[in-house]
Amino acid sequence: MYSFLQLTTNEWLKLAKKRGFFIAFLIILLMPLGIAVVVKSFLEGTELGYVEFMQSVIDINGGGTLYLFLCMIYTASLVSGEHQLGTIKLLLIRPHSRSKILASKYAALLVFNIVLLLFALIVSFIICIVFFGMQGEGSMIDVWKTVLYTSVNTVMYTSIVFMLSVLTKSTGATIGIALCLVFVSDLAVLLLAKYEFAKYLLFFNLDLRMYEEGGVPLMKGMTLGFSITVLAAYLIAILATSFYVFKKRDVA
Amino acid sequence: MSHQQDVVLQLDKVTKKIGKQTIVDQLSFEVKKGEIVGLLGPNGAGKTTTIRMIVGLIGMTSGEVLINGQSIRSSFSKAIARVGAIVENPEFYSYMTGWDNLKQYQRMIPSITVERMKQVVDVVGLTDAMNKKVKSYSLGMRQRLGIAQALMHSPSILILDEPTNGLDPAGIREMRDYLKTIAQQEGIAVLVSSHLLSEIELMCSRVVVIQQGKFVHEQLIGGAQIQQDGNEEFNVLVRVNQLEQAKQLLVGREELQFIQANELTNELEIRCKDEALANYIHELSAHRISVYRVVEVKRSLEDEFLTWTGGNQIV
Ligand SMILES: Nc1ncnc2c1ncn2[C@@H]1O[C@H](COP(=O)(O)OP(=O)(O)O)[C@@H](O)[C@H]1O
Ligand SMILES: [Mg+2]
């Protein structure tokens with residue numbers, strides 16, 4: 001366990017010591033700041049509650065998209081970067097199994113997702129308090145629900161990025177394909193909704209907000225349990241593929 | 001068996017096929033403690049592929065690699081824990097400092113202390129560069145950082161793939177000196193690959209020659225040759241006062257092979273083993289033939305190399 005933490009520390013440092021690391025945090029800081037400034041100066045008298053504000057900063061259809069992109073871009077190089085730098089050769093000749101090394105990279109990905117999300121929450125809370133004061137209705141429970149929906153969406157997408165990074169060994173290709181997938185997903189939902197099999201597709205199950213009160217499932221017969229099962233199946237397949245390929249690969 | 005204990009690295013019929021191509025073919029050799037062994041072969045001979053298999057970066061089609069008796073296939077972690085290596089160029093996280101790079105590898109092996117890291121950095125002469133980003137390092141400095149990285153965990157064997165590639169003559173000399181010092185100080189085995197005979201000659205105590213993935217020849221080099229067991233044949237020039245008579249004494253003797261005679265200098269070149277030579281000289285004395293000189297004829301390694309590889313396929 002200790003050695004796994006050490007490996008994860010290594011992976012985290014490889015991300016964090018990059019020169020532009022702070023930029024993601026800067027963007028996540030500027031986004032709510034911008035919104036607050038605009039609202040304050042142009043929509044006079046608008047009262048913003050902190051629950052509502054925090055939700056909008058991380059919601060899948062709001063600032064959550066930006067958060068998702070940042071997570072995808074920052075973790076895209078986790079595996080491919082080692083291949084492109086050639087450091088993979090020095091990394092894999094240590095007394096640790098390849099599975100453990102890949103797992104530590106996945107752990108670093110999750111840590112990054114969590115850290116950036118927490119940062120977004122804290123920053124948006126503080127900004128809201130500063131600009132609009134402690135007010136508004138709703139409780140933190142609603143914020144946590146949004147955190148959950150956004151996290152499910154982000155973990156699925158970043159896991160795909162992770163797999164692409166293993167498969168393509170190229171950071172550019174990984175980011176390119178992943179961004180395409182994000183844009184294609186909405187289109188796919190639109191075009192394929194008439195087919196029964198579509199409910200088994202990943203894209204149809206990513207947004208769990210459809211099971212909220214007042215929400216409408218994308219297709220008949222879809223339930224929260226169904227979607228969670230489908231997502232879990234996809235996640236297992238994505239990770240199994242990544243680990244299998246990484247373990248078996250000849251590293252040239 | 002003490003012999004077995006001394007063997008640090010053992011390759012047994014290691015083979016790598018990619019598609020229909022056989023890149024390494026039934027390659028077997030050993031490296032013992034304290035030896036610097038050169039893996040010599042022209043570009044494309046399969047040196048890098050062999051080293052990749054030794055360290056488990058690529059799989060073997062068949063055969064076995066043992067490091068201190070542990071199989072790299074079935075006990076990867078145990079086997080690799082005793083290996084320090086650089087495969088092709090030493091690549092680092094260029095946006096980090098030299099020290100941060102080394103810390104990466106230290107975290108992967110719990111037994112490495114900061115003192116040990118500093119000691120190794122000192123051995124390779126990088127103490128002053130530790131706080132600089134690796135992207136500002138010269139190739140020579142990267143090679144040395146590579147060696148530091150490979151030595152930190154006190155391995156039993158150091159494996160370097162063309163360590164002098166891209167270095168200038170001064171850098172090459174420096175690298176050679178480092179390797180010799182390290183092999184002595186750390187008392188470890190070293191395997192170095194190269195396509196340059198001259199380099200192997202200066203650095204190694206033994207050379208394993210491969211060509212097109214196949215074992216071609218194995219040979220002790222330089223001072224190490226003296227330690228041979230007397231069963232090796234060598235050429236020797238014998239200067240005598242009566243050339244013809246000396247030549248007659250060779251007739252009918254299997255163990256003494258006549259090579260040539262030089263009537264101007266009264267010299268006879270023969271090929272034989274230690275004992276045969278001693279007997280021959282007794283014989284000469286018994287026939288009252290004066291022996292003025294006995295000199296070994298050393299063919300340059302390069303000449304021999306050409307015969308091993310059957311021609312001019314190498315530098
Ligand atoms: N992944 C690969 N696929 C196909 N051929 C390869 C691969 N890797 C190496 N080779 C071939 O194997 C041969 C040996 O390569 P290598 O081990 O790099 O030689 P060396 O290091 O001795 O120069 C070369 O002919 C090379 O083209
Ligand atoms: Mg090579």
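This is a predicted model: local features need pLDDT of at least 70, side-chain atom pairs count only at pLDDT 80 or more; totals for chains, interfaces and linings use all residues.
User: How many helices and strands does chain A have?

Analyst: Helices (H or I, at least four residues) and strands (E, at least two) are DSSP runs numbered from the N terminus. Chain A has ten helices and zero strands. Its C-alpha atoms fill a box of roughly 65 × 45 × 30 Å along the principal axes.

User: How is chain B divided into domains?

Analyst: Domain bounds come from an automatic or database domain assignment. In chain B, domain 1 covers 4–225 and domain 2 covers 234–296. The C-alpha centres of these two domains of chain B lie 45 Å apart.

User: How is the size of an interface given?

Analyst: Often, as the accessible area lost when the parts come together. Buried area here uses a 1.4 Å probe and is summed over both parts. Between chain B and chain A about 2700 Å² is buried, and carbon and sulfur atoms give 59% of that area. B:Leu57, B:Arg107 and B:Met108 supply 27% of the area that chain B buries against chain A, more than any other three residues.

User: How many residues are in contact across the two chains?

Analyst: Contact means heavy atoms within 4.5 Å. By that rule, 29 residues of chain B touch 27 residues of chain A.

User: How many salt bridges cross the interface of chain B and chain A?

Analyst: A salt bridge is a side-chain nitrogen of Lys or Arg within 4 Å of a carboxyl oxygen of Asp or Glu. The rule finds two across this interface. One salt bridge joins B:Lys16 to A:Asp250, with the closest N and O atoms 2.7 Å apart.

User: Which salt bridge partner does B:Arg206 have?

Analyst: B:Arg206 pairs with B:Glu35, the closest N and O atoms being 2.6 Å apart. B:Arg206 lies in strand β9 (residues 206–211) of chain B and B:Glu35 in the loop between β2 (21–32) and β3 (36–40) of chain B, so the pair ties together parts that are 171 residues apart in sequence. Over all chains, the count comes to 20 salt bridges.

Note on methods. Residues are numbered from 1 along each chain as its sequence is written. Chains are lettered from A and ligands numbered from 1 in the order in which they are written. Side-chain values use heavy atoms; hydrogens and water are left out. Buried area is the accessible area (1.4 Å probe) that two parts lose on being put together, summed over both.
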